[in-house]
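This report describes a protein–DNA model. The sequence and the structure come first.

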Protein chains: 2
Amino acid sequence: MSTENTASEFMHIHEEAIEKVREITPPDETLYDLAELFKVFGDSTRIKILYSLFSSELCVYDISQLLGVSQTAVSHQLKILKTNKLVKSRKDGKHVFYSLADDHVYSIINQGIEHINE
Amino acid sequence: MSTENTASEFMHIHEEAIEKVREITPPDETLYDLAELFKVFGDSTRIKILYSLFSSELCVYDISQLLGVSQTAVSHQLKILKTNKLVKSRKDGKHVFYSLADDHVYSIINQGIEHINE
DNA sequence: TTATCATATGAACAGATATTCATATGAAAG
DNA sequence: CTTTCATATGAATATCTGTTCATATGATAA
């Protein structure tokens, strides 16, 4: 085994495996963003908020009461959801109505549900 | 407004909204499991491990070298991935080969990628 | 058997994160 | 204008989580 392909020297498997992995793996920055996105889904309060918005928009207070979580906590979590573009907001007088930003929220959550039901 | 439907008293919106949310929202335990699942995807090391297993099975040491992460860290993360049924393992002498457990891993990650690319 | 290699495990520590509390902003009502 | 209501924000705290270090297990080779 030569020293040309240093990448394969440590491999116990075929070196083609490394090539394939390198080919299909997105850049580190993308993987980091991806992990960040899933981190947002990885909290039960935020999951509950997203579910509450599945059928219609709701204002902060309604979400708070529906979930039995303090207004402050909901507000903090909504900010995280909005920063990550999972929800959008609309102001109406004193109220702020939140709704799902796009269909990816549905599909990601549904894929998760499918995995659980097995 | 009567006191019959206590659920709607706090709502600023129509009370049908509450009904709908209650209808489509899974039980708390499911939501908790769902958050737990996404939490597993919410770490860049684990995401990298999953990507490395997209094309073929790999042993712990190979993953470790490929990602530039310590063997111990990889081992810890593989355990988490296995506990959550995202990877499975096969023993071969001194080596333990890990591979993806099912297609949900692909679809969940791909949905995430799609959301990011917008 | 003994040494070595591959993996796993447990404790410890550092960094991240969700909630709470206090308070600020901002809009409508009186 | 002042009060009240809806929401947002920042600091503090307690909990959780990922990595490291030391070590254990388990299998092959010598």
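The text below takes up the relation between the chains, then the sheets, then the surfaces near the DNA.

The model is predicted, and local features need pLDDT of at least 70, side-chain atom pairs count only at pLDDT 80 or more, and totals for chains, interfaces and linings use all residues. Residues are numbered from 1 along each chain as its sequence is written, chains are lettered from A and ligands numbered from 1 in the order in which they are written, and side-chain values use heavy atoms, with hydrogens and water left out.

**Relation between the chains**

Chain A is superposed on chain B by a rotation of 180° with 0.0 Å of shift along the axis, at an RMSD of 0.1 Å. The superposition is by least squares on the C-alpha atoms of residues with pLDDT of at least 70 in both copies. The two copies are thus related as by a two-fold rotation axis. Of the interface residues of chain A, 100% are also interface residues in chain B, so the copies meet through the same surface. Contact here means heavy atoms within 4.5 Å.

**The sheets**

Helices (H or I, at least four residues) and strands (E, at least two) are DSSP runs, numbered from the N terminus. Two strands pair if DSSP finds at least two bridges between them.

Chain B holds an open sheet of 3 strands in the order 1-3-2, with antiparallel pairing. Strand 1 (58-59) and strand 2 (87-92) of chain B are at the edges with a single partner strand each, so one side of each has no neighbour in the sheet. Strand 2 of chain B pairs with strand 3 (residues 95-100) of chain B over 6 bridges in the antiparallel sense. Within this pairing, B:Val87 has B:Leu100 as its bridge partner in strand 3 of chain B, and B:Lys88 has B:Ser99. Helix 5 of chain B packs on the sheet and touches strand 2 and strand 3 of chain B, with its direction at about 120° to that of strand 2 of chain B. That angle is taken between N-to-C directions on a scale from 0 to 180 degrees, with axes as lines fitted to C-alpha atoms, for helices over the stretch in contact.

Strand 2 and strand 3 of chain B form a hairpin with 2 residues between them, and B:Gly93 in the turn has a positive phi of about 65°. Strand 1 of chain B pairs with strand 3 of chain B over 2 bridges, also in the antiparallel sense. B:Cys59 stands opposite B:Phe97 in strand 3 of chain B.

In chain A there is an open sheet of 3 strands with the order 1-3-2 and antiparallel pairing. Its edge strands are strand 1 (58-59) and strand 2 (87-92) of chain A, each pairing on one side only. Strand 2 and strand 3 of chain A are joined by 6 bridges in the antiparallel sense. In strand 3 of chain A, A:Ser99 stands opposite A:Lys88.

**Surfaces near the DNA**

A residue is near a strand if one of its heavy atoms lies within 4 Å of it. In the residue classes, Ala, Val, Leu, Ile, Met, Phe, Trp, Tyr, Cys and Pro count as nonpolar, Asp, Glu, Lys and Arg as charged, and the others, Gly among them, as polar.

DNA strand D is surrounded by 23 residues, the closest being A:Thr72, A:Tyr98, B:Thr45, B:Arg46 and B:Gln77. These residues divide into 6 nonpolar, 12 polar and 5 charged. Helix 6 of chain A gives the largest share of this surface, 5 residues. Of the atoms of DNA strand D within 4 Å of the protein, 65% belong to sugar or phosphate and the rest to bases.

DNA strand C is surrounded by 25 residues, and the closest are A:Thr45, A:Arg46, B:Thr72, B:Ser75 and B:Tyr98. Sugar and phosphate make up 65% of the atoms of DNA strand C that come within 4 Å of the protein. The surface near DNA strand C divides into 7 nonpolar, 12 polar and 6 charged residues.

| DNA strand | Residue | Distance |
|---|---|---|
| DNA strand D | B:Thr45 | 2.6 Å |
| DNA strand C | A:Arg46 | 2.7 Å |
| DNA strand C | A:Ser70 | 3.2 Å |
| DNA strand C | B:Tyr98 | 2.6 Å |

A base of DNA strand D is also contacted: a polar side-chain atom of B:His76 lies 3.2 Å from a base oxygen.

Conventions:
Polar contact = N/O pair within 3.5 Å; in protein donor to acceptor, adjacent residues only side chain to side chain.
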